[in-house]
Amino acid sequence: MTKRLVFLGPPGVGKGTQAKRVAEEHGIPHISTGDILREEVRQETDLGKQAKSHMDSGGLVPDELVVAMVARRLEQDDCRDGYLLDGFPRTIGQAHAFENEIGGDDDPGVDKVLYFAAPDEVLIRRLGGRRTCPSCQAVYHVETMPPKEDNLCDRCGAELVQREDDQPDAIKQRLRTYRELTEELIGHYRQAGTLVEINSTGSVEQVAELVRRALAT
Ligand code: AP5
(Lines give C-alpha, C1' and ligand atoms only; values in the text may rest on other atoms or scores of the structure.)
Protein backbone atom coordinates (compact mmCIF):
# COMPACT_ATOMS: atom_id res chain seq x y z
CA MET A 1 0.00 0.00 0.00
CA THR A 2 1.44 3.37 -1.09
CA LYS A 3 0.39 5.50 1.81
CA ARG A 4 3.63 6.82 3.24
CA LEU A 5 4.61 9.52 0.79
CA VAL A 6 7.29 12.17 0.53
CA PHE A 7 6.93 15.14 -1.84
CA LEU A 8 10.34 16.47 -2.82
CA GLY A 9 11.27 19.32 -5.12
CA PRO A 10 12.41 22.94 -5.39
CA PRO A 11 10.54 25.88 -3.88
CA GLY A 12 7.44 26.87 -5.83
CA VAL A 13 7.28 23.71 -7.92
CA GLY A 14 3.73 22.99 -6.70
CA LYS A 15 4.31 20.37 -3.98
CA GLY A 16 1.83 21.96 -1.57
CA THR A 17 -0.84 22.40 -4.24
CA GLN A 18 -0.70 18.71 -5.21
CA ALA A 19 -0.18 17.49 -1.64
CA LYS A 20 -3.49 18.96 -0.45
CA ARG A 21 -5.38 17.07 -3.19
CA VAL A 22 -3.57 13.76 -2.69
CA ALA A 23 -3.96 13.84 1.09
CA GLU A 24 -7.69 14.39 0.69
CA GLU A 25 -8.08 11.70 -1.98
CA HIS A 26 -6.09 9.13 0.02
CA GLY A 27 -7.41 10.07 3.46
CA ILE A 28 -3.97 10.69 4.93
CA PRO A 29 -2.65 13.77 6.80
CA HIS A 30 -0.77 16.39 4.81
CA ILE A 31 2.27 17.25 6.91
CA SER A 32 3.95 20.34 5.52
CA THR A 33 6.97 21.32 7.59
CA GLY A 34 6.78 24.83 6.07
CA ASP A 35 3.15 25.24 7.22
CA ILE A 36 3.90 23.90 10.71
CA LEU A 37 6.91 26.20 11.06
CA ARG A 38 4.94 29.25 9.83
CA GLU A 39 2.28 28.50 12.46
CA GLU A 40 5.00 28.27 15.15
CA VAL A 41 6.33 31.64 13.99
CA ARG A 42 2.83 33.15 14.05
CA GLN A 43 2.26 31.91 17.59
CA GLU A 44 5.71 33.16 18.64
CA THR A 45 6.65 29.83 20.26
CA ASP A 46 10.28 29.06 21.16
CA LEU A 47 10.58 26.98 18.00
CA GLY A 48 9.01 29.76 15.94
CA LYS A 49 11.46 32.31 17.33
CA GLN A 50 14.40 30.06 16.49
CA ALA A 51 13.05 29.32 13.00
CA LYS A 52 12.00 32.79 11.83
CA SER A 53 15.29 34.29 10.72
CA HIS A 54 16.30 31.13 8.84
CA MET A 55 12.97 31.07 7.02
CA ASP A 56 12.81 34.77 6.15
CA SER A 57 16.30 34.73 4.64
CA GLY A 58 15.70 31.59 2.55
CA GLY A 59 17.89 29.26 4.62
CA LEU A 60 16.90 26.05 6.38
CA VAL A 61 15.84 25.60 9.98
CA PRO A 62 18.45 23.42 11.79
CA ASP A 63 17.95 19.67 11.27
CA GLU A 64 17.58 18.77 14.95
CA LEU A 65 14.64 21.17 15.42
CA VAL A 66 12.81 19.97 12.32
CA VAL A 67 13.42 16.25 12.94
CA ALA A 68 12.08 16.52 16.50
CA MET A 69 9.06 18.46 15.23
CA VAL A 70 8.23 15.85 12.58
CA ALA A 71 8.80 12.92 14.95
CA ARG A 72 6.28 14.51 17.37
CA ARG A 73 3.77 14.99 14.58
CA LEU A 74 4.10 11.40 13.33
CA GLU A 75 3.28 10.05 16.79
CA GLN A 76 -0.26 11.38 16.47
CA ASP A 77 -3.05 8.89 15.82
CA ASP A 78 -3.99 10.19 12.37
CA CYS A 79 -0.58 9.05 11.02
CA ARG A 80 -1.14 5.38 11.83
CA ASP A 81 -2.36 4.47 8.33
CA GLY A 82 -0.03 6.71 6.38
CA TYR A 83 1.10 10.28 5.84
CA LEU A 84 2.21 12.71 3.19
CA LEU A 85 5.38 14.57 4.11
CA ASP A 86 5.67 17.81 2.11
CA GLY A 87 9.07 19.51 2.34
CA PHE A 88 10.66 16.93 4.63
CA PRO A 89 13.28 15.43 4.54
CA ARG A 90 15.15 18.36 3.06
CA THR A 91 18.76 17.45 3.85
CA ILE A 92 20.60 14.16 3.83
CA GLY A 93 20.93 14.49 7.63
CA GLN A 94 17.14 14.75 7.95
CA ALA A 95 16.69 11.72 5.68
CA HIS A 96 19.03 9.61 7.81
CA ALA A 97 17.44 10.78 11.06
CA PHE A 98 14.01 10.02 9.63
CA GLU A 99 15.07 6.54 8.54
CA ASN A 100 16.61 5.77 11.93
CA GLU A 101 13.82 7.22 14.05
CA ILE A 102 10.76 6.27 12.04
CA GLY A 103 11.76 3.19 10.10
CA GLY A 104 14.47 0.68 10.64
CA ASP A 105 16.83 -1.51 8.66
CA ASP A 106 14.05 -3.09 6.63
CA ASP A 107 11.60 -0.21 6.67
CA PRO A 108 12.76 3.33 5.81
CA GLY A 109 9.30 4.76 6.63
CA VAL A 110 8.64 5.81 3.03
CA ASP A 111 6.82 3.90 0.29
CA LYS A 112 7.16 6.44 -2.50
CA VAL A 113 8.96 9.74 -3.07
CA LEU A 114 7.49 11.99 -5.72
CA TYR A 115 10.13 14.35 -7.05
CA PHE A 116 8.51 17.39 -8.72
CA ALA A 117 10.70 19.08 -11.33
CA ALA A 118 10.38 22.35 -13.28
CA PRO A 119 12.85 24.88 -14.72
CA ASP A 120 13.90 27.88 -12.60
CA GLU A 121 11.95 30.41 -14.68
CA VAL A 122 8.72 28.51 -13.90
CA LEU A 123 9.58 28.39 -10.18
CA ILE A 124 10.35 32.11 -10.04
CA ARG A 125 7.07 32.97 -11.80
CA ARG A 126 5.05 30.76 -9.45
CA LEU A 127 6.72 32.06 -6.29
CA GLY A 128 6.59 35.71 -7.34
CA GLY A 129 2.83 35.53 -8.02
CA ARG A 130 1.84 33.42 -5.01
CA ARG A 131 -0.55 34.90 -2.47
CA THR A 132 -1.58 33.08 0.70
CA CYS A 133 -4.37 33.40 3.20
CA PRO A 134 -2.91 34.14 6.65
CA SER A 135 -6.07 32.79 8.25
CA CYS A 136 -6.86 29.43 6.56
CA GLN A 137 -3.56 28.92 4.62
CA ALA A 138 -5.29 28.66 1.21
CA VAL A 139 -2.85 29.32 -1.65
CA TYR A 140 -3.52 31.40 -4.77
CA HIS A 141 -1.60 32.77 -7.71
CA VAL A 142 -2.24 36.19 -9.22
CA GLU A 143 -2.23 34.75 -12.77
CA THR A 144 -2.90 31.02 -12.66
CA MET A 145 -5.17 30.75 -9.61
CA PRO A 146 -6.57 34.18 -8.72
CA PRO A 147 -9.20 34.56 -5.99
CA LYS A 148 -12.73 35.40 -7.13
CA GLU A 149 -12.60 38.79 -5.39
CA ASP A 150 -9.44 40.84 -5.72
CA ASN A 151 -6.95 39.88 -2.98
CA LEU A 152 -9.58 38.24 -0.73
CA CYS A 153 -9.61 34.56 0.25
CA ASP A 154 -12.45 32.62 -1.43
CA ARG A 155 -12.80 30.35 1.60
CA CYS A 156 -12.75 32.75 4.56
CA GLY A 157 -12.70 36.29 3.14
CA ALA A 158 -9.39 37.28 4.80
CA GLU A 159 -7.03 39.62 2.96
CA LEU A 160 -4.33 37.68 1.10
CA VAL A 161 -0.65 38.32 1.79
CA GLN A 162 2.67 37.64 0.11
CA ARG A 163 4.96 35.37 2.09
CA GLU A 164 8.06 37.10 3.49
CA ASP A 165 10.26 34.52 1.73
CA ASP A 166 8.54 35.10 -1.65
CA GLN A 167 10.44 38.39 -2.07
CA PRO A 168 13.02 38.29 -4.92
CA ASP A 169 16.18 38.08 -2.74
CA ALA A 170 14.75 35.34 -0.55
CA ILE A 171 13.59 33.39 -3.62
CA LYS A 172 17.15 33.46 -5.03
CA GLN A 173 18.54 32.25 -1.71
CA ARG A 174 15.93 29.47 -1.41
CA LEU A 175 16.85 28.18 -4.85
CA ARG A 176 20.54 28.22 -3.86
CA THR A 177 19.77 26.44 -0.59
CA TYR A 178 17.79 23.82 -2.50
CA ARG A 179 20.69 23.12 -4.90
CA GLU A 180 23.24 22.99 -2.08
CA LEU A 181 21.38 20.95 0.53
CA THR A 182 18.27 19.27 -0.83
CA GLU A 183 19.00 18.21 -4.39
CA GLU A 184 21.23 15.35 -3.31
CA LEU A 185 18.16 13.63 -1.87
CA ILE A 186 17.10 12.84 -5.44
CA GLY A 187 20.05 10.43 -5.76
CA HIS A 188 19.46 9.09 -2.26
CA TYR A 189 15.86 8.07 -2.99
CA ARG A 190 16.61 6.97 -6.56
CA GLN A 191 19.13 4.53 -5.15
CA ALA A 192 16.57 3.34 -2.62
CA GLY A 193 14.19 2.60 -5.52
CA THR A 194 11.38 4.79 -4.16
CA LEU A 195 11.74 7.86 -6.43
CA VAL A 196 9.27 8.79 -9.17
CA GLU A 197 9.89 11.97 -11.16
CA ILE A 198 6.92 14.20 -11.99
CA ASN A 199 7.18 16.86 -14.69
CA SER A 200 5.58 19.79 -12.87
CA THR A 201 5.68 22.38 -15.67
CA GLY A 202 2.08 21.84 -16.84
CA SER A 203 -1.19 23.12 -15.38
CA VAL A 204 -2.34 22.05 -11.93
CA GLU A 205 -4.73 19.53 -13.53
CA GLN A 206 -2.06 18.13 -15.86
CA VAL A 207 0.35 17.64 -12.96
CA ALA A 208 -2.43 16.12 -10.83
CA GLU A 209 -2.99 13.51 -13.53
CA LEU A 210 0.71 12.58 -13.56
CA VAL A 211 0.61 12.27 -9.78
CA ARG A 212 -2.47 10.03 -9.93
CA ARG A 213 -0.71 7.73 -12.40
CA ALA A 214 2.46 7.63 -10.31
CA LEU A 215 0.53 6.64 -7.21
CA ALA A 216 -1.55 4.02 -8.99
CA THR A 217 1.43 1.74 -9.66
P1 AP5 B 1 8.07 25.49 2.53
O2 AP5 B 1 6.82 26.16 2.88
O3 AP5 B 1 8.15 24.01 2.51
O4 AP5 B 1 8.57 26.11 1.15
P5 AP5 B 1 9.14 25.44 -0.19
O6 AP5 B 1 9.64 24.07 -0.13
O7 AP5 B 1 10.12 26.45 -0.62
O8 AP5 B 1 7.92 25.24 -1.02
P9 AP5 B 1 6.86 26.27 -1.34
O10 AP5 B 1 5.80 26.24 -0.29
O11 AP5 B 1 7.48 27.60 -1.60
O12 AP5 B 1 6.36 25.76 -2.76
P13 AP5 B 1 5.48 24.53 -3.20
O14 AP5 B 1 6.31 23.61 -3.98
O15 AP5 B 1 4.67 23.96 -2.08
O16 AP5 B 1 4.53 25.32 -4.22
P17 AP5 B 1 3.00 25.72 -4.12
O18 AP5 B 1 2.14 24.52 -4.27
O19 AP5 B 1 2.74 26.66 -2.99
O20 AP5 B 1 9.25 25.98 3.48
C21 AP5 B 1 9.42 27.33 3.81
C22 AP5 B 1 10.66 27.49 4.68
O23 AP5 B 1 10.49 26.75 5.91
C24 AP5 B 1 11.97 26.93 4.08
O25 AP5 B 1 12.59 27.85 3.22
C26 AP5 B 1 12.78 26.65 5.36
O27 AP5 B 1 13.32 27.82 5.90
C28 AP5 B 1 11.72 26.13 6.33
N29 AP5 B 1 11.58 24.67 6.23
C30 AP5 B 1 10.49 23.98 5.78
N31 AP5 B 1 10.73 22.66 5.83
C32 AP5 B 1 11.99 22.52 6.32
C33 AP5 B 1 12.81 21.39 6.57
N34 AP5 B 1 12.39 20.14 6.33
N35 AP5 B 1 14.06 21.61 7.06
C36 AP5 B 1 14.50 22.86 7.32
N37 AP5 B 1 13.78 23.97 7.08
C38 AP5 B 1 12.53 23.80 6.58
O39 AP5 B 1 2.88 26.55 -5.52
C40 AP5 B 1 3.58 27.77 -5.69
C41 AP5 B 1 2.67 28.74 -6.49
O42 AP5 B 1 2.47 28.23 -7.81
C43 AP5 B 1 1.27 28.95 -5.90
O44 AP5 B 1 0.90 30.27 -6.11
C45 AP5 B 1 0.38 27.99 -6.73
O46 AP5 B 1 -0.93 28.50 -6.83
C47 AP5 B 1 1.09 27.99 -8.08
N48 AP5 B 1 1.02 26.71 -8.77
C49 AP5 B 1 1.23 25.48 -8.20
N50 AP5 B 1 1.18 24.54 -9.15
C51 AP5 B 1 0.96 25.19 -10.34
C52 AP5 B 1 0.84 24.74 -11.69
N53 AP5 B 1 0.92 23.45 -12.00
N54 AP5 B 1 0.64 25.67 -12.64
C55 AP5 B 1 0.57 26.99 -12.34
N56 AP5 B 1 0.66 27.47 -11.08
C57 AP5 B 1 0.87 26.57 -10.09
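1. Glycine 129. In this predicted model, glycine 129 sits in the loop that runs between helix H6 (120–128) and strand S5 (130–132). Its relative accessibility is 5%, so glycine 129 counts as buried; the cut-off for buried is under 20%.

2. Partners of glycine 129. Leaving aside residues up to four places away in sequence, glycine 129 touches Tyr140, His141 and Val142. Take tyrosine 140: 11 residues separate it from glycine 129 in sequence, and the C-alpha to C-alpha distance is 8.2 Å.

3. Asparagine 151. This residue lies in the loop between strand S6 (139–141) and helix H7 (168–182). Relative accessibility is 29%, so asparagine 151 counts as partly exposed.

4. Glutamate 44. Here too, check the backbone. Glutamate 44 is not a glycine, yet its phi is positive, at about 55°. The residue comes just after H2, in the loop between H2 and H3. Is glutamate 44 buried or exposed? At 57% relative accessibility it counts as exposed, because the cut-off for exposed is over 50%.

5. Helix H2. Which residues of helix H2 (residues 33–42) are buried? They are Thr33, Gly34 and Leu37. These cover an arc of only 95° around the axis, so they lie on the same side of H2.

6. The cis peptide. Phenylalanine 88 and proline 89 are joined by a cis peptide bond, with omega about -5°. Proline 89 has its place in the loop between S3 and helix H5 (92–101).

7. H1 against H9, geometry. Two packed helices are described by the angle between their axes and by the distance between those axes. For helix H1 (residues 15–26) and helix H9 (residues 204–216), the angle is about 50° and the axes are 10 Å apart. H1 and H9 are therefore oblique to each other. Their crossing is right-handed.

8. H1 against H9, residues. From H1, the contact uses Thr17, Gln18, Arg21, Val22, Glu25 and His26. From H9, it uses Val204, Glu205, Val207, Ala208, Val211, Arg212 and Leu215. By class, the contact of H1 with H9 has six nonpolar, three polar and four charged residues.

Methods. Residues numbered from 1 in each chain as written. Predicted model: local features only at pLDDT ≥ 70, side-chain atom pairs only at ≥ 80, totals over all residues. Heavy atoms only, no water. Axes fitted to C-alpha atoms, helices over the stretch in contact; angles between N-to-C directions. Helix = DSSP H or I, 4+ residues; strand = E, 2+ residues; numbered from the N terminus. Parallel < 35°, antiparallel > 145°, perpendicular 65-115°, else oblique. Left-handed = near helix turned anticlockwise from the far one by under 90°. Contact = heavy atoms within 4.5 Å. Nonpolar A, V, L, I, M, F, W, Y, C, P; charged D, E, K, R; others polar. Buried < 20%, exposed > 50% of the residue type's maximum accessible area, 1.4 Å probe, protein only. Arc of directions from axis to C-beta.
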